[in-house]
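Here are some notes to read alongside the structure, in case you have not looked at it before. Keep the 3D view open and follow the points in order.

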Amino acid sequence: MGRDKRQQGVAGWPVPIEAIAHAAFVHDHEYRILGANAAYLERAGCRADEALGRCYWEVFPVREGPLPRCAAGMRAFAAARSADVAPQEPCCDLVLDAGEILQSRAYPVVDEAGRYAYSLHILEDVTEREAVREALHERDWQYHQLLASTAEGIVIVDTEGRILYANAAAGRFLGQDPQALVGAWFGQAIPQGAPQQVELFAPGGGLRTVEMGAQPIGWEGRSAWVINLHDVTNRESLRMLFQDRLARTLEALPPWAPLGLVVIDVNDFRTINDSYGHQAGDDVLKRLGQRLSEVHVPSQLCGPVQVSRLGGDEFAVVLPRLRTAGDATELARRFLEVTGAPFEVQGQEVPIHLRVGVSSYPEPAASAAQLVQQADAAMYQARQEGVSLRFFSEELTTEARERLELGSQLRQAMESNALALHFQLQTELSSGRWVGAEALLRWEHPERGWVSPAQFVPVAERVGLIGELGRWVLRQACEQARAWRDAGLAFGRVGVNVSAPQLVGGGLVDDVEHALAHAGVPPEVLALEITESVLMEQDRTVVAQLEALRARGVLIALDDFGTGYSSLSYLRGLPIDQLKIDRSFVRGLPSDATQIKINRAIIDLGVSLGFSVLAEGIETREQRDILLHEGCPLGQGFFFARPEPAAQVTPRLFGAG
C-alpha cells in the first residue's frame, strides 16, 4: 500500500523508484512531490503521506524555493519543448545536509505525446568526493604558489613550440606578462640533451646569459616539454672565474707596469630590493654596470679597464698598466662619481651610495688571490667606517687586523686539535626514535671563548683553510660514527655540512672515501648537507661528485631548503635524497597560517619527488605536532636535543638522559 500511495500520479515510470540506491523523489511542474523512495523519506525524516503533494523544498532539501539549477532547468526545458527541441541534460545542484554534501541531479521526463510528465531527482552523497576535490584544489594552489615564487623560469610548450604555460620568472626572462605568452611561439630551440647556455634579450631587462634545460612531460593529455630557464649571468662562481682570469692577466703583465683592482659594493642595496622588488633591483644593477663601463679613463694613466660583475651587488674593475700604484686610488674616485646622479626606479629618484676598496699588484699584493682579498678587505673597512673609499695598507684598523689574526689562530687551533664537533640528534617525529645526528663544528678560543662558525668559516675560506677544515670534520664525524657502531648503537647517519669550495675544488669524493676508510665505516653512515646556492650552479664537476658519492651509498641532503632559489626543476635532475626545511619556516608555527601552508607545500613537494623531509629548528611540542600533522616525517631542534659533545649524546642514544 505504501509504495502505491507514493507512486500516485506517476504511472509509466520506466523503473520503480525504490530500485534507485540513492535518495530519490519525483515532482510535477509545480514542484509538488508525486513519489519518493524510502532512502529519501529517511533523509527527510517524514512519512510518505507527509511528503506527497507538498513542494519538495518544504520537505527536503529545506529552503525557500526550488534549487537554483532545478528551476533554471525547468525553464530551459519548457523553452526547448516549445521549440520542439530535444530535452536538456540533467541539471545538478549541491546541497548541504548536517555536514554532508549531496548532489541533486534532476531529470525532466516526457510522456509518449512529448508532454512534460514529471522530474526525477536523485540525491547522491558526494561528501568524500568533494573533500578530495578540495584537497586537490589546495594542492594545485600550493604548487601554483611554488611555481609563481621560484626564481627559475618555467615554460611549458607543446611539440610545435607553442607556449602552454609560463610562470612569473619566465615572464621576466622573456620581457612579457606570463599570461600574454600563452599561445605564442617559444622562439628558441629546445635542448634535447644536456642544458645549454643561450643569450636572451628582454625589453627593459637587457641581455642575460640563461642556462636552458628541457624534459618531456604530459600536459593536459598531450605531449609537451617543460623548459627551465636559470639566470647564470650573476652566479656565485663568477668570483672564482674572475680571480682565475685576473691571475692570467697578472702573468702577462709587464714587470714595469703595476695593476690596480677596484672592488665596488652598493651600500644597503637590500633596501632597494625590499622597497621596489628584486626585478627593479636587478634593473638598477644593470644600469650601474653600464655607467661603470662608460667611465672615461685617460689612456696616459692606465690601459683599457675591465669591468666585471662579481655577483650580487658587487663589481670589480681591473686597472692594467698603471703609471704608478698611486693612480689606482685616483681612478677609483672616477668610478665613485658615476652615482652622483640618482637612479630612477618606478618613477622615483633613488640615490645609490658605493663602498670602494682598492689594492694594487705587485705591491702590496703579490698574487691574484691576495689582490682580491686585499681589495675586499679595504672595501669592507670602508663599509665599517662609513666612508666611500679605502686603499688597502698594512696599517689596517684593529677590527681588520683581528680578522687576519683570527685566521692565523684558526690554523693553530686545527694543528693543536683545539676544534671540536658537537652533535645534534635527529628524530622520527611519530615515534621519537633517533634516526641520525648532524655534526656541528665548534671552536672554544682560549681568550675569545666560543667563536661562532659564522665568524670563523668565512675566515677559513678567505685564508685558504676551508678544504683542510672540511677534511678534518669528515674524519672526526666518521670516527665518531665508528665509536657508536662499536658500542652497538643504531644512530642512523651522521650529517656533515659541505661548503662550496669543497665541492668546486673537485676533491670531495677522495676526501669522503679517505675519511670512511680511515674510520672503517661504510658509506651508509654518512650524510652530506649541501646548500641550495651550491646546487643551483648545476656545475658538472659538482653534480658528478654528488652522483658518485650517492652511488656509493652516501646520503645527499639539501640544507636550509626554501631560503635560496627554491627552484622546482633542479630538484628533479640532481642527486638529492633529503630536503631539510629551514628553521625560518618553522619559527612561526603554529600561529602563522602562511607558514603552515609553506611547510605543507614543501613537504608535499619533497614526498612527491621521493625525498625524505626533515624540519630544522623545532623548539616546541606544538611545532612538532603541526609538522607531523602536515606529513613531515623527521625533525631536529632544541625540543628534542641541543647540540652536545659526543660524550653527552651517547647516553641519549642508549636511552638515558
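1. First, the ground rules. This is a predicted model, in which local features need pLDDT of at least 70 and side-chain atom pairs count only at pLDDT 80 or more, while totals for chains, interfaces and linings use all residues. Residues are numbered from 1 along each chain as its sequence is written, and side-chain values use heavy atoms, with hydrogens and water left out.

2. Start with the sheet. It is open, has 5 strands in the order β2-β1-β5-β4-β3, and its pairing is antiparallel. At the edges stand β2 (33-36) and β3 (91-97), each with a single partner strand, so one side of each has no neighbour in the sheet. On average, neighbouring strands here are turned by 25° against each other, direction ignored. On the terms: strands (E, at least two residues) and helices (H or I, at least four) are DSSP runs numbered from the N terminus, and two strands pair if DSSP finds at least two bridges between them. Axes are lines fitted to C-alpha atoms, for helices over the stretch in contact, and angles run from 0 to 180 degrees between N-to-C directions.

3. Now zoom in on β1. Strand β1 (residues 23-27) is joined to β2 by 3 bridges, running antiparallel. Within that pair, His27 stands opposite Ile33, and Val26 has Gly35 as its bridge partner. With β5 (residues 116-125), β1 pairs over 5 bridges, also in the antiparallel sense; there, Ala23 is partnered by Leu123.

4. Is β1 buried or exposed? Mostly covered: 5 of its 5 residues are buried, where buried means under 20% relative accessible area, exposed over 50%, and partly exposed in between (1.4 Å probe, protein chains only). Both faces are involved, with Ala23, Phe25 and His27 buried on one side and Ala24 and Val26 buried on the other.

5. Have a look at the hairpin of β1 and β2, which has 5 residues between the strands. In that loop sits Tyr31, whose phi is positive, about 70°, although Tyr31 is not a glycine. Tyr31 is buried, at a relative accessible area of 15%.

6. Arg321 also deserves a glance. Its phi is positive too, near 55°, and again the residue is not a glycine. You'll find Arg321 in the loop between β13 (314-319) and α12 (327-336), where it counts as partly exposed at 43% relative accessibility.

7. Then come the cis peptide bonds. One joins Phe60 and Pro61, with omega about -5°; Pro61 is in the loop between α4 (56-59) and α5 (68-82). Another joins Tyr361 and Pro362, with omega about 10°, and Pro362 lies in the loop between β16 (354-361) and α13 (368-385).

8. Last, helix α18 (residues 508-519). Its 12 residues reach 17 Å from the first C-alpha to the last, close to the 16 Å expected at 1.5 Å a residue; the expected span is 1.5 Å times one less than the number of residues. Leu508, Val509, Asp511, Val512, Ala515, Leu516 and Ala519 are its buried residues. They cover an arc of only 165° around the axis, so they sit on the same side of α18; the arc is that of the directions from the helix axis to the C-beta atoms. On the other side, Asp510, Ala517 and His518 are exposed. Just after α18 comes Gly520, with a positive phi of about 70°.
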